[in-house]
Amino acid sequence: MRKIAMAVVAGAILSGSLSSAQTATAAQVTHDANVTVYPQAPRPTVQGLDCAGGTGNMGCGPGWFWRDGWRGFACYPC
Amino acid sequence: MNRPLIAIGGVTAAALLATGTTIGGFSTAAAQPGDYSTIPVSPNVITDSAAYTAAAPVLDPNGQPGVTTVYTHRDNTRQITNTILVLPDPQAATAALSQIQSGLGNQVANGKTQPAAVGTGGTVVTGLSPDGTKSVSVLLFTEGNAAGSIEFEGPKNDSVPLDMVVDYGQKQDTAIKDSLTS
């Protein structure tokens, strides 16, 4: 009889602790509500332009321009 | 990228030289005594290999022993006049060069003079044509008993780059050495 009573008490304690436990999700929702999230600023992109306003023809690259000049067709500085 | 220039001209020139062909100023014929027509170097060796067309060489320009060849750019806005005088000795070559330089005032207005690493006494005078409508640069140098005068005439706002003047002048200097010592 005594063993049965002890088992009932232990079961009651155990079920009580489980039923009162908070779920992890609920706890996180409460925390996130206090965090200010800023939108990520777009990364600045740097693109060199040739003297025609493009990105360089014939692989000349920024600061150079493809034309027919003193050395014939070649890249020349702007 | 630093000055990426197309370098197919040299290969083409080498191929033509190897086959003994003459196109646009590339000439491989052996010079006869007093015939200096093969000394001038085509500027196509330092360009895209087709930019300039050579006129027929003029032998003994102004009654002086030597040769003048005029190279015209295909856009007809640029011209290179290459004159090589072959004189009896280096002193005469230097004297001829001084005479040419003293007369440059008639060809180059407001000319700025700067040294150039070409031959002996290499000098470049850069300015405008007397009427102010064109850019003019003149390279002067001597090589042994030869005096070289190379004039670059082009658009007013597009004078010939100094590095091209030196590059071309050095090739011409080498050709003079090879021609006059062989």
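This is a predicted model: local features need pLDDT of at least 70, side-chain atom pairs count only at pLDDT 80 or more; totals for chains, interfaces and linings use all residues.
# Getting to know chains A and B

Reader: In chain A, where is confidence lowest and where is it highest?
Author: Welcome! In chain A, the mean pLDDT is lowest, at 49, in helix H2 (residues 24–32). The highest value, 88, belongs to strand E2 (residues 72–77) of chain A.

Reader: What does chain A average in pLDDT, and what share of its residues score at least 70?
Author: Residues 16–29 of chain A stay under 50, and the model has one contact beyond four places in sequence for them. Over chain A, the average pLDDT is 65, and the share of residues that score at least 70 is 40%.

Reader: In what order do the elements of chain A run?
Author: Chain A has two helices and two strands. Of its 78 residues, 10% count as buried. Among its contacts between residues at least 6 apart in sequence, 6% join residues at least 24 apart. From the N terminus on, the order is α-α-β-β.

Reader: And which pattern does chain B follow?
Author: Chain B holds three helices and eight strands. Of its 182 residues, 38% are buried. For contacts in chain B with a separation of 6 or more, 47% come from residues 24 or more positions apart. Read along the sequence, the pattern is α-β-β-β-β-α-β-β-β-β-α.

Reader: How many residues of chain B are in contact with chain A, and which classes do they belong to?
Author: Twelve residues of chain A take part, and they are in contact with 17 residues of chain B. By class, the chain B side has ten nonpolar, two polar and five charged residues.

Reader: Why do the buried residues of H3(B) line one face of the helix?
Author: The buried residues of H3(B) are B:Val165, B:Tyr168, B:Gly169, B:Gln172, B:Asp173 and B:Ile176. They line one face because, seen down the helix axis, they fall within an arc of 145 degrees. On the other side, B:Asp163, B:Asp178 and B:Thr181 are exposed. The buried residues pack against E4, E6, E7 and E8 of chain B.

Reader: How far apart are the end C-alpha atoms of H3(B)?
Author: H3(B) has 20 residues, and at 1.5 Å a residue it should span 28 Å. The model agrees with this, as the end C-alpha atoms are apart by 28 Å.

Reader: Which residues does B:Val165 touch, not counting those up to four places away in sequence?
Author: B:Val165 is one of the buried residues of H3(B). It is also among the core residues that touch the most other members. Its partners are B:Ala116, B:Val124, B:Ser137, B:Leu139, B:Phe152 and B:Val160.

Technical notes. Residues are numbered from 1 along each chain as its sequence is written. Chains are lettered from A and ligands numbered from 1 in the order in which they are written. Two residues are in contact if their C-beta atoms, placed from the backbone, lie within 7 Å. Ala, Val, Leu, Ile, Met, Phe, Trp, Tyr, Cys and Pro count as nonpolar, Asp, Glu, Lys and Arg as charged, and the others, Gly among them, as polar. pLDDT is the predictor's confidence in each residue, from 0 to 100. Helices (H or I, at least four residues) and strands (E, at least two) are DSSP runs, numbered from the N terminus. A nonpolar core is a set of buried Ala, Val, Leu, Ile, Met, Phe, Trp, Tyr and Cys residues joined through C-beta atoms within 7 Å. A residue is buried if 20 or more other C-beta atoms lie within 10 Å of its own, exposed if 12 or fewer, and partly exposed in between; C-beta atoms are placed from the backbone. The expected span of a helix is 1.5 Å times one less than its number of residues. The arc is that of the directions from the helix axis to the C-beta atoms.
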